[in-house]
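Please walk me through this model in the viewer. Tell me what to select at each stop and what is there.

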Amino acid sequence: MKTIIEPFKIKVVEPIRFTSDIERKKILQKAHYNSFQIDSEKVIIDLLTDSGTSAMSHHQWAAMMQADESYAGARSYHRLEKVIYDLTQMPYFFPTHQGRAAERILYGVLSTKKKIFISNTHFDTTRANIEYAGSIAIDIPCKEAIDTSSEYPFKGNIDLEKLEIHLKKYQNKTGAVILTVTNNTGGGQPVSMENIKQTRMLCNKYKVLLILDCCRIAENAWFIRHKEQKQAKKTYLQIAQEMFSYADASVMSAKKDGLVNMGGFLTMRDKKLAEECQNLLIITEGFTTYGGLSGRDMEALSVGLQEVFDKDYLQYRIKSTAYLGEHLDKLAIPVVKPFGGHAIYIDAKQLYHHIPPYQFPGQALVCDLYVKGGIRAVEIGSLMFGKSKNGKFIPAQWELVRLAMPRRVYTQSHVEYIIEVFESIKKNIYQSKGFKIIYEPPFLRHFTCKLKPI
Ligand SMILES: Cc1ncc(COP(=O)(O)O)c(C=O)c1O
């Protein structure tokens, strides 16, 4: 069948308020052309992030009603502990209020002296936490990832040759190797099991920790099963379990494949590392059996982490995201290929080739999407990752715009609407201009910076 049927019925609805393009122009101006500064009520389709935006199932809501909110040793903690142990087989587990709290704890502990962290690509909060702790984050995505139109199936892979060179160069200075699965910043591309295994072997050789940033582990498992022949007979859960088996520790923002609106965790195998993380957890997040979470958050997460590996859910999830990508591709919109699991990425440098990277072509598309259709997206390019060194602009590797699909939230007709908005934007592409920054904070500037059209 060609039609993708959402594998759920809708029981609760949230109305969408429609705005006109004249209203939206004013709203955007007031928000200083920063999509993070727009109120959600003024957004028609919100593709800002797939993080914390999932619709929960009735099983999750029911579990929340049975939560144990005790400070210490809550039943809800033990339920989550078991689900996470089944998945990761790691003996130490700490709940945190979201992914970056887990990152701050782990990378804070591992950043004794100035350490080097090497990754396929650090997510922005990962990089910020590493740099904030005084260490250095190096990205070495595989060569195939550079060409946004290549159909190479595992463009999330780390470059193994470069990894060995770096591990040799930074012997005794490497804090850890981090594999982000799927690679959010690099186009939502998956990492192959083979690449994870080879990374493990190099980490063994140079005695370095391997950490999985596993917030989209189920989506990555779908790609492994369908694109890596040797893995085709396994269930998605078995694939995820094997991925964890190669890691020493994991960091998860459960707001993605945990199918919850808030939550995260840390797991690890090493007792000493766990003790140090526990100290920091208690100081900054909360007691070990709740971290930053309430009992009901932990209940919802226990159920979400099981639902996410359901084959019908994953099929719908990956296919419905690809549906958007295929239709944009038919309109000759330059989309990153193959399509990612949680998002479609547009190559704004190609689409808005008249706008140079230092004028943020991605942000031009973000603003056009909002004015034309009330669609909120996010720039993942030089606004997010660009730097300036001695007054010289250093662009990001890519100028992408991410259309992140919230889980179980939008239907096929919402997607048809997004496609129509792109059709209209494409007709007037040369009317769009770039932007300049008029205010920026020292870290993670894209969240709060102010912009002005050129
Ligand atoms: C790959 C990756 N790691 C870490 C994080 C941080 O998680 P959180 O937003 O829960 O702090 C994100 C969030 O988008 C992410 O995509």
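Domain bounds here come from an automatic or database domain assignment. On that basis, the chain is divided into domain 1 (21-50 + 310-453) and domain 2 (58-307). This is a predicted model: local features need pLDDT of at least 70, side-chain atom pairs count only at pLDDT 80 or more, and totals for chains, interfaces and linings use all residues. Residues are numbered from 1 along each chain as its sequence is written.

**Whole chain**

Start with everything selected. The C-alpha trace spans about 60 × 55 × 45 Å along its principal axes. Show the cartoon. The chain has 17 helices and 16 strands. Helices (H or I, at least four residues) and strands (E, at least two) are DSSP runs, numbered from the N terminus. The radius of gyration is 21 Å, close to the 22 Å that the globule rule gives for 454 residues, so the chain is as compact as a globular protein of that length. That radius is taken over C-alpha atoms, and the globule rule is 2.2 Å times the number of residues to the power 0.38.

Of the 454 residues, 50% count as buried. A residue is buried if 20 or more other C-beta atoms lie within 10 Å of its own, exposed if 12 or fewer, and partly exposed in between; the C-beta atoms are placed from the backbone. Two residues are in contact if their C-beta atoms, placed from the backbone, lie within 7 Å. Among contacts between residues at least 6 apart in sequence, 70% join residues at least 24 apart.

**Between the domains**

Colour the two domains separately. Their centres, taken over C-alpha atoms, are 26 Å apart. Domain 1 puts 23 residues into the contact, and domain 2 puts in 22 residues. Now select α12 (311-330) and β9 (343-347). Each supplies at least two residues of the side of domain 1 that touches domain 2. The largest share of that side, 5 residues, comes from α12. By class, the side has 13 nonpolar, 3 polar and 7 charged residues. Ala, Val, Leu, Ile, Met, Phe, Trp, Tyr, Cys and Pro count as nonpolar, Asp, Glu, Lys and Arg as charged, and the others, Gly among them, as polar.

Select residues 400-404, strand β14. How many of its residues are buried? The count is 5 of the 5, so β14 is largely enclosed by the rest of the structure. In a regular strand the side chains alternate between the two faces of the sheet. Both faces of β14 are covered: L400, R402 and A404 are buried on one side, V401 and L403 on the other.

Two strands pair if DSSP finds at least two bridges between them. β9 and β14 pair in the antiparallel sense over 5 bridges. D347 has L400 in β14 as its bridge partner.

**Strand β2 and β8**

Move to residues 92-96, strand β2. Of its 5 residues, 4 are buried, and the strand is mostly covered. Show strand β8 (residues 264-268) beside β2. The two run antiparallel, joined by 5 bridges. P95 has F265 in β8 as its bridge partner.

A residue is near a molecule if its C-beta atom, placed from the backbone, lies within 6 Å of it. Here 14 residues surround the ligand; the closest are Q98, G99, R100, F123 and S253. Highlight α4 (99-110) and α5 (124-132), the elements that give two or more residues to the shell. By class, the shell has 2 nonpolar, 9 polar and 3 charged residues.

Finish with some loops. Which peptide bond at T182 is worth a stop? The bond from V181 to T182 is cis, with omega near -15°. T182 lies in the loop between β5 (174-180) and α7 (193-206). Then select P338. The peptide bond from K337 to P338 is cis, with omega near -10°. P338 sits in the loop between α12 and β9.

Go to H32. Phi there is positive, about 55°, although H32 is not a glycine. H32 is in the loop between α1 (21-30) and β1 (45-46). With 16 C-beta neighbours inside 10 Å, H32 counts as partly exposed.

Last, select Q89. Phi of Q89 is near 55°, a positive value in a residue other than glycine. Q89 lies in the loop between α3 (75-88) and β2. Q89 has 13 C-beta neighbours inside 10 Å and counts as partly exposed.
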